[in-house]
Amino acid sequence: MAPAGRAARLKRRAGRWVLRAIAALVFFFIFIPVIFVVWISLFQQQIVSFPPEGYTLRWYENAFARTEFRDGFGLSLQVAFLAMLIGVTSGAAAAYAIVRFRFPGREALNTLLLGPLVVPGIVAGTSLYVYYIMVENILDMDFRATLHGLVLGHILLTIPWTVRLVSASLIGLDRAVEEAAMNLGAGPWTTFRRITLPMMRPGLVAASLFSFIQSFENLELTLLLVGPGRTTLPVAMLNYLEFRIDPTIAAVATVQIVLIGALMLITDRFVKLSRIV
Amino acid sequence: MSELVLDRLRKEYGSFVAVDDVSLHVREGELVALLGPSGCGKTTTLRMIAGFIEPTAGRITIGGRDVTWDPPYRRDTGMVFQSYALFPHMTVAQNVAFGLEMRKVPRAEAETRVRRALDLVRLGHLADRLPRQLSGGQQQRVALARALVVNPGVFLLDEPLSNLDAKLRLEVRVEIRELQKRLGLTTVFVTHDQEEALTLADRLVVLDHGVVQQVGTPEELYEAPANLFVAGFIGRSNVLRGRVVERGRFVTEAGLALAVPTDGFEPGAAALALRPERITVIPGAAGNGVSGRVALVTYLGAATEYRVTLDGGESLTASMATPRPGDPLKRVGAGDVVTLTWPAETCRLLAPDRGAPTDEGGS
Ligand SMILES: Nc1ncnc2c1ncn2[C@@H]1O[C@H](COP(=O)(O)OP(=O)(O)O)[C@@H](O)[C@H]1O
Ligand SMILES: [Mg+2]
């Protein structure tokens, strides 16, 4: 009896350790590129080689000194913010309609709005490029290499995420709660503002975060839509890499990682991301 | 507080009739239970009263005012939902205050009323909690307070006890009844639990397949069920099918002749309903009565049930106060011969068309 019990306990303990080891390995492989990027950004020598000859902050100095990175960073922030704002507002409205109302073409609309998720960015970017040329001819107005052109393109990135996340949060929402509000005398608009909207908040926050990140780090779709003097950060980084390979790029990437990490941490303070995604 | 009148209220979903011309008059301060098996149209009826479902036909008046086509927020009803439906992002006090806020009650008065409502359901000390920090029973009481605080003209409850465990169910049931009486609320209480309905309601409405089977006090329904469905759904009944052969005589399908009051019945097919607790079991073969053999004895504590197979093959269940030691009945077991007797007037003849409680359809 006793030896059998001990064997079972040992087995259970071994199982727990195997599980922990696997989890640690997975984390390690996920984070190893991040760790290397941050590490390399501090290397002394220009051509990356191991082991480092010493450490320096001059690549950060270089990154901040170069206008293409400074402007790129500013433009990327602007585009991401606007694309998030417009994408989340319209995407959330669409998700509400899709979940709450029954109308012809409902399924089709849902598929259409999730569509950009399955189109490769480079294909979408090329199509947009061609489309913008056509529209420019008709409207006599610039779209390529403009802020509004970029924002419109990036809305394609933010809407699918919003529709998915907000739909999920709406489906889990008990309609009886809204009915209870109406039963207590709240009209449709008050019910929406006081009950539905606050209950959608976690979905909206998550959608905003993911939309922002999607836009901020997008390269493929953006590649053809930028122009001289109007280049987003990821494209500026790619351009830089064409001529030089030095740790500056790692320094820029580190700044990006820190920004996104900070956004996630701040967001997580307001809504627990692990509960939504 | 106001009276509620349903006039031939009807709801059709395509060709399916969920609520079939239900008429009902709930008097001021009265608690009426809507009782019936799952899917019989109780929730649909209640939601039409609250205004969440548009009736296909019929009229609803609350306190004399026709509200049939008013939206929910312009009807004076307070509803307690089966899932409680508390606002998850508001504290208990904010939940209860919501209805007052919608009615533009001044803040100071609202605060007093919220506190009083919470004290009424003994939750004053939890006013600042969020709903998810409360137990099921506490959430239920918040839902009650939230609906009561606005003094609704009609109080509506949809199976409010079904998510509570048995002990709590009994407690909250008593609590609801006390509150309802104290505040004199005109109330419609939906349930599928006949015991709940019998103990709680001034009057019951038994529904089946969207049709009102009978309306009456618990005693009326129990003593004088209008049909086989009610006889089987309210309490339990033995049912023997057969024919009325002449005035005062009924013969079962197996050929057993019984003396039965046949007022209102012409000779022809009928069914006889007989409550188990009206039947007396006498050990052995006695002269008067119906004899049979015990098939099963079930001990239930205060009562003991005897399932008896009659000589003709039909079965009756009799319920007796559990015999004391020394009582010859104590020794009766399966296979023993017994005689069953009952007062003739406790037999109730009914039309033979409806079967035992049906349990078909959805929720
Ligand atoms: N929206 C609907 N469409 C079609 N049938 C419905 C709808 N709502 C309810 N029903 C049907 O109406 C009947 C009554 O439902 P309900 O009132 O919820 O019954 P219950 O007595 O269990 O509360 C059920 O058979 C149900 O399936
Ligand atoms: Mg129901």
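Mentor: Residues are numbered from 1 along each chain as written, and chains are lettered from A in the order in which they are written. In this predicted model, local features need pLDDT of at least 70, and side-chain values use heavy atoms, with hydrogens and water left out.

Trainee: Why are helix 6 and helix 8 of chain A called roughly antiparallel?

Mentor: Their axes cross at roughly 155°. Angles under 35 degrees count as roughly parallel, over 145 as roughly antiparallel, 65 to 115 as roughly perpendicular and the rest as oblique. Helix 6 and helix 8 of chain A are therefore roughly antiparallel to each other. The axes, which are lines fitted to C-alpha atoms, come within 8 Å.

Trainee: What makes residues of helix 6 and helix 8 of chain A "meet"?

Mentor: Contact means heavy atoms within 4.5 Å. Among the residues on the helix 6 side are A:W161 and A:L165, and the helix 8 side includes A:F210 and A:M200. The residues of this contact divide into 10 nonpolar, 8 polar and no charged. Here Asp, Glu, Lys and Arg count as charged, Ala, Val, Leu, Ile, Met, Phe, Trp, Tyr, Cys and Pro as nonpolar, and the others, Gly among them, as polar.

Trainee: On to chain B. How do you know whether B:L100 is buried or exposed?

Mentor: Look at relative accessible area: buried means under 20%, exposed over 50%, partly exposed in between (1.4 Å probe, protein chains only). B:L100 has 1% relative accessibility, so it counts as buried. It sits in helix 2 (residues 92–102) of chain B. Leaving aside neighbours within four places in sequence, its contacts include B:V105, B:R113 and B:V149.

Trainee: Why is B:K104 called exposed?

Mentor: Its relative accessibility is 70%, so B:K104 counts as exposed. B:K104 lies in the loop between helix 2 and helix 3 (107–120) of chain B. Its phi is near 60°, a positive value in a residue other than glycine.

Trainee: What makes B:R8 exposed?

Mentor: B:R8 has a relative accessible area of 51%, so it is exposed. B:R8 belongs to strand 1 (residues 4–13) of chain B, and its phi is near 45°, a positive value in a residue other than glycine.

How values were computed
Predicted model: local features only at pLDDT ≥ 70, side-chain atom pairs only at ≥ 80, totals over all residues. Axes fitted to C-alpha atoms, helices over the stretch in contact; angles between N-to-C directions. Helix = DSSP H or I, 4+ residues; strand = E, 2+ residues; numbered from the N terminus.
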